[in-house]
Amino acid sequence: MSGDDAGQASPVLTGETPALFTGRRWFIPSALLHELDPDAARAGRRPRRTARDWVVDFSCFLLAVLVGAAAVEALNDNPHVPEWLAVVDQLTGALACAAVWLRRRWPLGLAVAMTPLTFVSETAGGAGLIALFTLAVHRPFRYVAWVGGINAALAPLYYWVRPDADVPYLVSVPFAVLLTVAIVGWGMFVRSKRQLMVSLRDRARRAETEARLRAEQAQRLAREAIAREMHDVLAHRLTLLSVHAGALEFRPDAPPAETARAAGVIRESAHEALQDLREIIGVLRAGEPEDTGRPQPTLGALDALVAESREAGMKVALDHRVDDVATVPSSVGRTTYRIVQEGLTNARKHAPGTEVTVSVTGAPGDGLTVSVHNPPPEGEVPPVPGSGQGLIGLTERATLAGGRLEHGHTPQGGFEVRAWLPWG
């Protein structure tokens, strides 16, 4: 079987030769190994015969010789065949049997050449059948249909010109046509089995690729979630550090009590930021969050978040109208907490000194509405590099939770972040 034909109906596979064939390559047809070896296909080299190929090729050659030898006896016993014609027939049959060794390299050319030879030579009949079988194995059906159809059409004319002395004409012609159809069917069955093996291997390769892509996508989504958590948590902590560090820098003559309080807030915020950072790095190393880590914040931790911001010097007014916080789903409560946390962080960076209003309302069935609003700053505030990324993450977070988030400037010049989250 030649390397440029076995898999015409199947795509060339990518990857290494399957491990299934590493231990018994001698038992696999060389063309099938060539089809499953992309390096050989890209290099353009022809497949080398395996031990199985040598056995099959020698068997085919021996079969062609045996059929030719049987035809020689029939020629010698036929008084209607001149001696010179018998000699020419035998020489033609010998060449046809030798040409069987070329069947893997030129299956179509050999089958086409055997069509006129088998018409004029009885001893080439075995080689012609083997060439037709090889064509059915190695080439698509359109080639087999043409060559096989011509052979079947020539059968009546062949037995009319060279009738068999022992078999009637009406028996010889149907038998020859039936034999041609059987040889073609057998070859196509072998070809379909080989194509099925290549197709299954291609499907397995494709499934492995899709699984790898799904794993990479899941890993990317997990890392994006970690990046959002890092932004939501560390941005809040670092802005607290920045506010208190700036106060110590610009008020070196502050009372010792105030200085000590600011230093305590800085120390506590730095400790919390380091703890969060360790958790995130641990997730990146382990590939999945640990169940033994600190619990994720929920709606019940909103009061502590506002108190922490007030300790940092912010003016925060909290309007909390949710009666039973425990009935709020944890995912909704966590998303609400992150929205408020990001809103306070943005107000601290872009509108320092203003009073921030946080409003949380809702009930089961109506959903949870959260709003973070701040008026415009009193003076000029320098732009903060990279601003806006947190709001993009919040919008995605709210969408994943089944809600929606809107943000923008108010008619009075302030800024508001408003979100609605489902609460079934």
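Let me start with Phe-133: its relative accessible area is 16%, so this residue is buried. Buried means under 20% relative accessible area, exposed over 50%, and partly exposed in between, with a 1.4 Å probe and protein chains only.

This is a predicted model, where local features need pLDDT of at least 70 and side-chain atom pairs count only at pLDDT 80 or more, while totals for chains, interfaces and linings use all residues. Residues are numbered from 1 along each chain as its sequence is written, and side-chain values use heavy atoms, with hydrogens and water left out.

Now the chain as a whole. Twelve helices and five strands are present; these are DSSP runs numbered from the N terminus, helices being H or I with at least four residues and strands E with at least two. Of the 424 residues, 39% are buried.

On to the aromatics. The structure holds three aromatic pairs. A pair means Phe, Tyr or Trp rings (the six-membered one for Trp) with centres within 6.5 Å; planes under 30 degrees apart are stacked, over 60 edge-to-face, and the rest tilted. Trp-54 and Trp-101 make a tilted pair, with centres 6.2 Å apart and planes at 50 degrees. Trp-54 sits in helix H3 (residues 51-77), and Trp-101 in the loop between helix H4 (83-99) and helix H5 (107-120), 47 residues apart. Trp-54 is partly exposed at 47% relative accessibility, and Trp-101 is partly exposed at 27%.

Back to Phe-133, which forms a tilted pair with Trp-186, at 4.7 Å centre to centre and 45 degrees between the planes. Phe-133 is in helix H6 (residues 125-138) and Trp-186 in helix H8 (residues 169-250), so the pair ties together parts 53 residues apart in sequence. Trp-186 is exposed, at 52%.
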